[in-house]
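Have it open beside you as you read.

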Amino acid sequence: MTTGATVWLTGLPSAGKTTIAHELAGRLREEGGRVELLDGDEIREFLSAGLGFDRADRHTNVQRIGFVAELLARNGVTALVPVIAPYADSRDAVRARHEANGTPYVEVHVATPVEVCSVRDVKGLYAKQAAGELTGLTGVDDPYEEPAQPDLRIESQHQTVQESAAAVHALLTERGLA
């Protein structure tokens, strides 16, 4: 059985988390790895339907995702989790769950500045917020607590998606997880 791990990519909306995760997933699968990508939008639709975006609901959402990721990882799957997870205590609780079960956990901060994210605006969230149609946008009018000591920090505005995914892959390889 291969070693599983959770790779949590945290960062602002439109930072590049999901794009990097898809690139990394392809590379790991080409190498024969068992990989699942836990997309935040899909989780919201199927696992966390009904939750809002206040602090308590965001924490619950992150804990649910963390539970599923840890379950997959301890069963030999690399779980890629490109989810904002804006609060440090929520991310810390997920890391603690992994540590308690002896499951490898890697936190990647996709540290793209809000100015770059708002230009990318993949889902149109920044435009809606600017037009007054949306409130509670992480990093704009809702907090985002940057990881104090992520396992890896990626500044996606300075490298290609392939280079970003390669950096994560290199860290996984270094730790015997890829």
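The points below go from the sheet to its cores and then to a few single residues.

1. Ground rules. This is a predicted model, with local features needing pLDDT of at least 70 and side-chain atom pairs counting only at pLDDT 80 or more, while totals for chains, interfaces and linings use all residues. Numbering starts from 1 along each chain as its sequence is written, and side-chain values use heavy atoms, with hydrogens and water left out.

2. The sheet. Five strands make an open sheet with parallel pairing, in the order E2-E3-E1-E4-E5. E2 and E5 are the edge strands, each pairing on one side only. On average, neighbouring strands are turned by 20° against each other, direction ignored. Strands and helices here are DSSP runs numbered from the N terminus (strands E, at least two residues; helices H or I, at least four), and two strands pair if DSSP finds at least two bridges between them.

3. Bridges. E1 is joined to E3 by five parallel bridges, and valine 7 has leucine 80 as its bridge partner in E3. E1 also pairs with E4 in the parallel sense, over five bridges; there leucine 9 has valine 108 as its partner. Three bridges link E2 to E3 (residues 78-82), again parallel, with glutamate 36 opposite alanine 79 in E3.

4. Helices on the sheet. H3 (residues 55-73) lies across E1, E2 and E3 and runs at about 145° to E1. H4 (residues 88-100) packs on the sheet too, touching E1 and E4, and its direction makes about 155° with that of E4. For these angles, axes are lines fitted to C-alpha atoms, for helices over the stretch in contact, and the angles run from 0 to 180 degrees between N-to-C directions. Contact means heavy atoms within 4.5 Å.

5. How is E1 covered? Six of its six residues are buried, where buried means under 20% relative accessible area, exposed over 50% and partly exposed in between (1.4 Å probe, protein chains only). Ala5, Val7 and Leu9 are on one side, with Thr6, Trp8 and Thr10 on the other. In a regular strand, side chains alternate between the two faces of the sheet.

6. The main core. The largest nonpolar core has 27 residues, and Val7, Leu80, Val108, Val168 and Leu172 have the most contacts inside it. At least two residues each come from E1 (5-10), H1 (17-30), E2 (35-37), E4 (105-110), E5 (152-154) and H7 (161-174). H1 gives the largest share, five residues. A second, separate core of 12 residues includes Ile65, Val81, Ala85 and Val94. A core here is a set of buried Ala, Val, Leu, Ile, Met, Phe, Trp, Tyr and Cys residues joined through side-chain atoms within 4.5 Å.

7. Threonine 10. Threonine 10 sits in E1 and is buried, at 0% relative accessible area. A polar atom of its side chain lies 2.5 Å from the backbone oxygen of isoleucine 84. Beyond its neighbours within four places in sequence, threonine 10 has contacts that include Lys17, Ile84, Ala85, Arg91, Glu107, His109 and Tyr144.

8. Two positive phi values. Which is the phi of alanine 85, positive or negative? Alanine 85 has a positive phi of about 45° although it is not a glycine; alanine 85 is in the loop between E3 and H4 and is buried, at 2% relative accessible area. Aspartate 121 likewise has a positive phi, about 35°, and lies in the loop between H5 (114-120) and H6. At 15% relative accessibility, aspartate 121 counts as buried. Most residues other than glycine have a negative phi, so I'd look at both spots.9. Glutamine 129. Glutamine 129 lies in H6 (residues 125-130) and is partly exposed, with a relative accessible area of 21%. Leaving aside neighbours within four places in sequence, glutamine 129 is in contact with Leu134, Leu137, Val140 and Asp141. C-alpha to C-alpha, glutamine 129 and valine 94 are 29 Å apart in space, and they are 35 residues apart in sequence.

Key:
Polar contact = N/O pair within 3.5 Å; in protein donor to acceptor, adjacent residues only side chain to side chain.
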